[in-house]
Amino acid sequence: MKIQLALDRLTREQCFSILEETADYIDWIEIGTGVLKEYGMAIVREISAAYPNKTIVADMKTCDAGRHEAKQAFEAGADIITVMAFSHNKTIEETLDVARQFEKRVMVDLLGVQTRDRVEELHRLGVALFCLHVGKDMQQEGALADSSLNELVVGLESLEVAIAGGISEKTIGALKGIDIAIVGSSITGSSNPQEAGKTMKSLAG
Ligand SMILES: O=C(CO)[C@H](O)[C@H](O)COP(=O)(O)O
């Protein structure tokens, strides 16, 4: 399983310092939505230039104006952008179209999606990378990401599946059938991000 490190609620300096400590243990770098709102596409340009061998995920959480936002992020160096599952189909189609032009990818964030109907529809539209997601605010009520979320996508062909939502050293080992574990605060909030990243990588297998 790959590790996607989510850089959320951090300054530019903290992002770079954590990346320096953890780069050996992570596969994909996610520039979190809050970091994008603070620093814009400049930080996508900086991180993609500093880490040319990593896959750069810009957590745009796009839900409208898909063509524009996808172009903006891909031009800045993102390899993958996130788009919300509830977006209009036109938004999904346009982001997929731009991704094809740039030879990049779209990850559709299933935050809030509870039934397979929408997932199947998105799959028919050409979505091949999904993120099962328990949001930060849901986590405050005790919800955490686990393999049961996989029911939303199981059986759909030619998919890669990521999962996010409070993944920790205690839970990562039980994530069955998942391709990418998105880990944020368990690493970025640790007093020793390097050690936390190393442990996560070894538990991810
Ligand atoms: O997309 C996100 C929030 O919307 C986060 O990147 C994701 O939840 C991972 O962070 P954490 O491990 O701290 O939950």
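Two residues are in contact if their C-beta atoms, placed from the backbone, lie within 7 Å. By that criterion, and leaving out residues up to four places away in sequence, Val108 touches Val83, Ala85, Leu122, Val127, Phe130 and Cys131. The model is predicted: local features need pLDDT of at least 70, side-chain atom pairs count only at pLDDT 80 or more, and totals for chains, interfaces and linings use all residues. Residues are numbered from 1 along each chain as its sequence is written.

The protein has nine helices and eight strands (DSSP runs numbered from the N terminus, helices being H or I of at least four residues and strands E of at least two). Its radius of gyration, taken over C-alpha atoms, is 16 Å, close to the 17 Å that the globule rule (2.2 Å times the number of residues to the power 0.38) gives for 205 residues, so the protein is as compact as a globular protein of that length. The C-alpha trace spans about 45 × 35 × 30 Å along its principal axes.

The eight strands close into a barrel in the order 1-2-3-4-5-6-7-8, with parallel pairing; two strands pair if DSSP finds at least two bridges between them. From one strand to the next the twist averages 25°, with axes fitted to C-alpha atoms and angles running from 0 to 180 degrees between N-to-C directions.

Strand 3 (residues 55–62) is joined to the parallel strand 4 (residues 80–84) by three bridges, and Thr62 has Val83 as its bridge partner in strand 4. Five bridges then pair strand 4 with strand 5 in the parallel sense, where Ile81 stands opposite Val106. Strand 4, helix 5 (residues 89–102) and strand 5 make a right-handed β-α-β unit: with the strands pointing away from the viewer, the path from the first strand over the helix to the second runs clockwise. The chain next crosses from strand 5 through helix 6 (residues 116–125) to strand 6, again as a right-handed β-α-β crossover. Strand 6 (residues 129–133) runs parallel to strand 5 and is joined to it by two bridges, with Phe130 opposite Val108.

Strand 5 (residues 105–109) is largely enclosed by the rest of the structure, because five of its five residues are buried (20 or more other C-beta atoms within 10 Å of a residue's own). Arg105, Met107 and Asp109 lie on one side and Val106 and Val108 on the other. In a regular strand the side chains alternate between the two faces of the sheet. Val108 is also among the residues with the most contacts inside the largest nonpolar core, which has 64 residues; such a core is a set of buried Ala, Val, Leu, Ile, Met, Phe, Trp, Tyr and Cys residues joined through C-beta atoms within 7 Å.

Notes
Buried ≥ 20, exposed ≤ 12 C-beta atoms within 10 Å, placed from the backbone.
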